[in-house]
Amino acid sequence: MDPTTAALKDLIYALCQRLVNRDPSLGWDGVLHDIQQTPTRDLSALALAPESALQEVQNEFKEAIAAAREQRNARLPVNALPPELLANIFQLGLEDYNWNAPVDHQAVISLVCRHWNRVAVNSPGLWTRWHGAEGLERFKRVRALSKSMGLILYCDNIYKHTWIQLSAEVGRWQDVFFNLMEDPQHWPGGFARLGKQSAPKLRKLDIFIDWSTSPHRKLDLFDPHDPCRLEELRLCAVSVVWNALNFEGLRRLFISDLTSMTPSLTEILQILRQNPRLEQLCLERVELGPETPELSTIDQPVSMDFLSSLEVDCYNSSADGLVRMMRFPHCKQIKIPKITASDPGSVSSLTHLMEASRNSIAAKQTRLVVGNDDFEISTSSGGEVLVRIERQRELVVNEFIKVSVASLATSPAVTLILKNNFSYDWTKQVISALAQLRSITALRFLGTPFDGEDNPGNPLDCLVQVMQEARHCFPRLNTLQCYINTISELESLRQVVLYRHQEIAGEEITEILPLKEVDVGHEEEWDLEDRCDAIFDEIQALLPGGSLKILSQRWGTGPISWNANWRGNALMFC
């Protein structure tokens, strides 16, 4: 090495050593700046240096800077962690993996520093995910770096060259989503049966067809004699050979948006009987197919002891037929968008719904909400039964209340909410059916003048009539919330509070608890404001130790501000 080059190298290395303890992120431009600040005598050889010598020095300087950065990074606390623990931290970043995120999580990690790159490249779990938009070159890298681990694949569509690569790794499929956006006739012919032999690691399969026409091709995906170890199966607008849905470990089954080539009621029951450990079942917007003579009718109910979530929405019929043939005693989340009144003498679907929620009702606070076309029971532990009524609304709700009384009586506290206006007779019938329950602690009459019946009844007047006809109505009632928009409704509220006060005062020993809170709501344009002060003062005087509120603000503490969220808050669980 000539003296000029050696002198330059000595100078550069001296500068580099100073940079190690300063800012290792400095690049070549920053180093040139430092060289320019160096005394001229130390750079006298620069004028005589050939271009090749300067280039050689520049390259070696870049290597020195990289080495300095690596040494600096090695001293960081995070890099003192064992590689296995660091790899686990990287893996945690993939738990909430977003397929549509523009950031390549693995690439970002591997480019931070050489140490992180070595850890990432040697962590197969980081390289198990692939999105079709990333291209086949990325898939080849995933295949190599993930080693023998199961693959998580998201395919927007399946073309021949893509399918060749994917199907070559079918033995490593673990969690696969296919979003098929073209005519089913153009799908690749390689959609073969998936069984233990061909897909031993497959645990979750999700097939979504974004195709406007009804399916006219069934996918023969599964082999009933060699069932998969699938834990979750989601089929959207996909028709399969239904009698092959027999999996030993299936836990979650979702079938949606299917109007033709669909399973019949008997086929669904057969699927459930073959998979009794299901935890979630969702049939959403599914039209049940016709029964076939060769299938024997199932006349014994199917027990689903592990089912915790059930949703049934049938296009062409109510859910009664299916619900009546199922037993799901431990189900916590139930949504039935269509149900009708039971035929006389038949087993009620509503009875099974109440049996499923009885355990959670007995241990937790409960909310019973009755609307124009639905009703809901929910508990503070997250249990929920939501039913939408297809027809015969009042008959269905009456039947529901009849079968629910025994369960509601076991709850420590029940809130009854009438969220819409109903006819006078029907409102009174609902209140009468529940009036003797000691578990009801709150009543909320939230129907506005703009919803419900054309000539709705006054629920407060219904309550007055029930209180006069039967003693000790709602004996543990302590909270009353109601909409007031007319003088007659306000007078009915005064009578309710007065009757309650008189009933308590008239008995030496009573099991009736006094009202603790009355909360009045009204529309924004309220014309009673100047005519109701005296009545509100009287109601407040009849609540010793309790409080009267207007739109959740204490009466008598100042001007009442409009509260647009009053009704919404009253509908919430609290």
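How many helices and strands does the secondary structure of the chain come to? I counted 17 helices and 20 strands. For my own reference, helices (H or I, at least four residues) and strands (E, at least two) are DSSP runs, numbered from the N terminus.

**Ground rules**

I'm working with a predicted model, where local features need pLDDT of at least 70, side-chain atom pairs count only at pLDDT 80 or more, and totals for chains, interfaces and linings use all residues. Residues are numbered from 1 along each chain as its sequence is written, and side-chain values use heavy atoms, with hydrogens and water left out.

**The chain overall**

I looked up burial next. Of the 574 residues of the chain, 48% count as buried. Buried means under 20% relative accessible area, exposed means over 50%, and partly exposed is in between (1.4 Å probe, protein chains only).

Then I checked contacts, meaning heavy atoms within 4.5 Å. Among the contacts in the chain with a separation of 6 or more, 70% come from residues 24 or more positions apart.

**Cysteines**

How many disulfides does the structure hold? I found 0 disulfides, taking a disulfide as a pair of cysteine sulfur atoms within 2.5 Å. C155 has a relative accessible area of 1%, so it is buried. C282 comes out at 10%, so it is buried as well.

I went to β18, residues 517-521, and asked how covered it is. It is mostly covered, with 4 of its 5 residues buried. With β17 (residues 479-483), β18 runs parallel, joined by 5 bridges. In that pairing I noted Y483 opposite G521 of β18. With β19 (residues 547-550), β18 pairs in the parallel sense over 4 bridges, and here V520 stands opposite I550 of β19.

**S547**

I picked S547, which sits in strand β19. Is S547 buried or exposed? Its relative accessibility is 5%, so S547 counts as buried. Which residues is S547 in contact with, leaving aside its neighbours within four places in sequence? I listed K516, E517, V518, Q540 and R554.

**L515**

L515 lies in the loop between α15 (487-505) and β18. Not counting residues up to four places away in sequence, L515 touches L477, N478, T479, V497, R500, L543 and G546. I also checked L515 against T441, 74 residues apart along the chain: their C-alpha atoms are separated by 9.6 Å.

**Strands β7, β9 and β11**

Another set of parallel strands went into the notebook. β7 (residues 280-286) pairs with β9 (residues 309-314) in the parallel sense over 5 bridges, and the partner of Q280 in β9 is S309. β9 also pairs with β11 (residues 333-339), again in the parallel sense, over 3 bridges. There S309 has Q333 of β11 as its bridge partner.

**Helices α7 and α8**

How do α7 and α8 pack? Helix α7 (residues 135-145) and helix α8 (residues 160-167) make an angle of about 5°, with their axes 11 Å apart. The axes are lines fitted to C-alpha atoms, for helices over the stretch in contact, and angles run from 0 to 180 degrees between N-to-C directions. The two helices are therefore roughly parallel to each other, a label for angles under 35 degrees. On the α7 side I wrote down L136, F139, K140 and R143, which meet H161, T162, Q165 and L166 in α8.

**Two positive phi angles**

Last, I looked up two residues in loops. K147 has a positive phi of about 55° although it is not a glycine. K147 is in the loop between α7 and β2 (151-155), and at 47% relative accessibility K147 counts as partly exposed. S552 is not a glycine either, yet has a positive phi of about 65°. I placed S552 in the loop between β19 and β20 (553-554). Its relative accessibility is 40%, so S552 counts as partly exposed.

Definitions and conventions: Pairing = 2+ DSSP bridges. Parallel < 35°, antiparallel > 145°, perpendicular 65-115°, else oblique.
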